[in-house]
Amino acid sequence: RKFCFDKRALWAPRGKGAGAQATFFINKIKNISAQFSTPQSIKHISPANIHSFTSFSSLSEAEVSKLILSNHPTTCPLDPIPSHLLQAISPAVVPALTHIINISLHTGVFPSSFRQARITPLLKKPTLNPSLLENYRPVSLLPFIAKTLERAVFNQVSTFLTQNNLLDSNQSGFRSGHSTETALLSVVEALRLARAESKSSILILLDLSAAFDTVNHQILLSTLLTKGISGTALQWFESYLSDRSFKVSWRGEVSKSQHLTTGVPQGSVLGPLLFSVYMASLGSVIQKHGFSYHCYADDTQLYLSFHPDDPSVAARISACLTDISCWMKDHHLQLNLAKTELLVVPANPSFHHNFTIKLGTSTITPSKTARNLGVMIDDQLTFSDHIAKTVRSCRFALFNIKKIRPFLSEHAAQLLVQALVLSRLDYCNALLAGLPASSIKPLQVI
C-alpha cells in the first residue's frame with residue numbers, strides 16, 4: 001500500500017528538536033531587542049487625546065455565550081477540555097466563565113495561566129528550505145477561554161478606536177471590510193492612474209524582521225495612553241503583556257518554558273490590533289516626504305508618482321527610507337533592507353529609470369517583479385507572472401485530483417477543487433480587471 005506524505009519532511013533538521021527551535025526563537029528576539037535603548041516610562045507621559053477609555057463594561061451571560069459559540073473551536077494543548085466540547089456544554093459553564101471574565105475586566109488583571117502559549121513552528125513559505133530554523137514562523141496556540149476574554153476586550157477597544165478615528169485609515173490588516181485584496185487594489189489603482197497621467201511610479205515593499213515579536217511593551221503602553229486608554233483598561237493591557245511565556249511543540253517533543261519580555265503573540269485575538277496601534281505613527285513619517293502608503297499588518301507598501309524627468313526622486317527615496325529606519329529604531333523594530341524590494345513602474349514601456357538607493361552598507365536596486373501579499377506584481381502592471389504562476393499551480397492541483405478522482409465521491413472532488421483550484425483563481429482577481437482577454441484566457445481555460 002502506498003502512502004502520500006510531504007517530501008519536505010525528509011529534510012527536516014536532524015537533532016534540532018523543540019529545544020533548539022525554542023532557543024532559536026528566543027535568541028533571535030533578544031539579539032534584535034539588544035540593539036535598542038530603554039524607552040521612556042509611561043508614568044511620564046500624559047494622555048494626548050480628548051477621548052478617554054478608562055474601564056471596560058461588564059458582559060452579560062448572553063454576551064459571553066455568544067462569544068463562546070461564535071469563536072472557531074480551535075483547541076490548544078493547554079486547554080483542559082476540547083473547545084468543541086466546551087461549546088457543547090456552554091449553558092452549564094457560562095455563569096462561571098462570565099464571572100471570570102468580568103473579574104478580569106474590573107480588576108485590570110489578565111489571569112497568569114492565560115499568558116502561556118504553545119508554539120508550533122510553521123514554514124513561512126512552502127518553497128523555503130525546511131531544514132533551516134530561520135525559515136519558520138512562531139505561531140502561538142493559546143487557551144480557548146483566554147481568546148474568549150481577548151475577544152471581549154477587542155470588541156470594546158476596537159469600537160472606541162474606530163468611533164474616534166484613532167486607527168490608521170491606510171491599515172487594512174484585520175479590519176472588518178478590509179483584506180489583502182483591498183490593500184492591493186488601493187495601491188495598484190493609484191499606480192494605474194499615475195500611468196494614465198503619463199507619470200512614472202516607485203513602489204517600495206518594506207520587510208521587517210520578527211515584527212510582532214520585538215514590539216516593546218513600554219512603547220506600546222505609552223502609545224495606548226496617548227490614544228486615551230488609561231485607568232483600569234491600561235492596567236489590564238499591562239497585565240496582559242507582562243510575564244508571558246511559551247513552549248515549542250516540535251515532532252512530538254515539548255521544549256522548556258521560555259520567558260518573553262517583548263512582543264505581542266502571533267495567533268492571538270488582540271495581537272494584530274495592538275500591532276496596528278503600535279505602527280500608527282509611521283504614516284506621518286512617510287507622508288512627510290510626499291509618499292503615499294498602505295499597510296496590511298506589518299507589510300508596508302510605499303509608493304510615489306512623479307514626472308519621468310524629475311531629478312529629485314532618488315534623493316527623496318533615500319531621505320524617506322532614512323527617516324523610516326530611524327522611526328523603526330525608536331520603536332524597537334528591525335527594518336530588513338536586504339529583503340526590502342523596489343519596483344519602478346515607468347510612464348510607458350519606452351522609459352527606463354535607473355534608481356539605485358544606498359542606505360548605509362545596504363544597496364536597494366529595482367527588480368522587474370515583486371511578490372506583494374501573495375501577488376506577483378511586475379513593472380508594467382500586466383500581471384503576466386502572477387497569471388502564469390496561478391495557472392501552473394492550478395494545473396498541478398487538477399493533475400493530482402484527476403489521478404485520485406475514481407476513488408472520490410462527487411462531493412469530495414468538489415471540495416478539493418474549491419480548496420485547491422478555485423481558491424487560487426479567486427484570490428485578488430479584482431486586480432486583473434481591465435486586462436486584455438488574451439491575458440485572462442489561461443485562467444478561463446482552468
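## Salt bridges

A salt bridge here is a side-chain nitrogen of Lys or Arg within 4 Å of a carboxyl oxygen of Asp or Glu. This is a predicted model, in which local features need pLDDT of at least 70 and side-chain atom pairs count only at pLDDT 80 or more, while totals for chains, interfaces and linings use all residues. Residues are numbered from 1 along each chain as its sequence is written, and side-chain values use heavy atoms, with hydrogens and water left out.

The structure contains 4 salt bridges. One of them joins the side chains of Lys288 and Asp323, at 3.1 Å from N to O. Lys288 sits in the loop between helix 10 (282-287) and strand 8 (292-296), and Asp323 in helix 11 (residues 313-330), so this pair ties together parts 35 residues apart in sequence. Helices (H or I, at least four residues) and strands (E, at least two) are DSSP runs, numbered from the N terminus. Lys288 is exposed at 59% relative accessibility, whereas Asp323 is partly exposed at 24%. For these labels, buried means under 20% relative accessible area, exposed over 50%, and partly exposed in between (1.4 Å probe, protein chains only).

## Two further pairs

Arg115 pairs with Asp243, their closest N and O atoms being 3.8 Å apart. Arg115 is buried, at 9% relative accessibility, but Asp243 is exposed, at 53%.

Glu189 and Arg192 also form a salt bridge, with 3.2 Å between the closest N and O atoms. Both belong to helix 6 (residues 180-196), where they are 3 residues apart, about one turn of the helix. Glu189 is partly exposed, with a relative accessible area of 35%.

## Cysteines

If you are wondering about disulfides (pairs of cysteine sulfur atoms within 2.5 Å), a search of the whole structure finds 0. For Cys295, the nearest cysteine sulfur is that of Cys320, 12 Å away. Cys295 is buried, at 5% relative accessibility.

Cys326 is partly exposed, at 42% relative accessibility.

## A loop lysine

Finally, a look at Lys339, which is found in the loop between strand 10 (334-335) and strand 11 (341-345). Lys339 is exposed, with a relative accessible area of 54%.
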